[in-house]
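Subject: Structure for your files

Dear colleague,

Here is the structure I said I would pass on. My notes come after it.

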Amino acid sequence: MKKPLIIAGFAGIGKTTLASKYKNVIDLESSIYKWNNTGLENIPVEARKGIIRKENANWPNNYIEEIKKQGLYYDIILVWIHPDVLKIYDENNIDYVLCYPDKDSLKIYEKRYIERGNNKEYIEKVINTYDMRLNQFKEKNVLKIILKGNETLEDYLLNHNYKLVKKD
């Protein structure tokens with residue numbers, strides 16, 4: 001059995017869009033697993049980001065188990081890129097690729113965050129911590145996909161001949 005490609009992707013690279021278009025790709029939105037979302041079910045996932053919530057008691061084991069489970073069904077699994085979670089992947093022997101934008105693209109990403117409904121606090125946190133996170137990513141000895149300008153993860157995968165199976 002072939003191992004899935006696990007891509008730890010930065011916010012706004014197009015993970016959700018990619019998974020919505022291709023049946024061999026899944027986006028494991030981490031906030032569903034990390035946080036207790038009781039009472040927030042009617043708020044879109046992207047709008048919940050930045051809202052203070054209690055951590056799910058099963059975190060991170062529930063997320064790691066879901067990644068392993070979905071590896072049986074999908075060729076590409078899109079996961080969270082937070083440095084603390086990257087350590088958890090390492091501890092659980094989960095091989096992954098990092099995908100993030102270059103610094104010159106941050107204004108484009110800021111606009112994407114606004115368009116998808118992220119709140120101001122979330123956007124500021126992502127933008128203001130970019131340099132620190134970039135340094136953490138550079139320390140990782142894994143394959144890195146660095147997107148430029150308006151390039152999305154889908155663009156990269158298609159341009160590098162990854163097999164993506166369109167949904168009907």
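Predicted model: local features only at pLDDT ≥ 70, side-chain atom pairs only at ≥ 80, totals over all residues.

Residues are numbered from 1 along each chain as its sequence is written, and side-chain values use heavy atoms, with hydrogens and water left out.

The largest pocket holds about 1,000 Å³ of space. Its lining has 45 residues, and Ala11, Ser30, Lys49, Trp80 and Tyr122 are the closest to its centre. (A pocket is an open set of points on a 1 Å grid over the protein atoms alone where a 1.4 Å probe fits, with protein on both sides within 12 Å along at least five of seven lines; lining residues have an atom within 4 Å of a point. Points are joined across faces, edges and corners, and the volume is the space filled by probe spheres set on them.) Elements that each supply at least two lining residues include helix 1 (15-21), strand 3 (76-80) and helix 7 (120-128); helices (H or I, at least four residues) and strands (E, at least two) are DSSP runs numbered from the N terminus.

Helix 6. In helix 6 (residues 106-115), Leu106, Tyr109, Arg112 and Tyr113 are buried (under 20% relative accessible area; exposed is over 50%, partly exposed in between, with a 1.4 Å probe and protein chains only). Down the helix axis these buried residues fall within an arc of 110 degrees, so they line one face of helix 6; the arc is that of the directions from the axis to the C-beta atoms. The face turned away from the buried side carries the exposed residues Lys107, Lys111, Ile114 and Glu115. Gly117, with a positive phi near 95 degrees, follows helix 6.

Core. The largest nonpolar core has 47 residues (buried Ala, Val, Leu, Ile, Met, Phe, Trp, Tyr and Cys joined through side-chain atoms within 4.5 Å). Phe10, Tyr63, Ile67, Tyr89 and Leu153 have the most contacts inside it, a contact being heavy atoms within 4.5 Å.

Backbone. Trp59 and Pro60 are joined by a cis peptide bond, with omega about 0 degrees. Pro60 is in the loop between helix 3 (45-48) and helix 4 (61-70). Asn93 has a positive phi near 55 degrees and lies in the loop between helix 5 and strand 4. At 68% relative accessibility, Asn93 is exposed.

Regards
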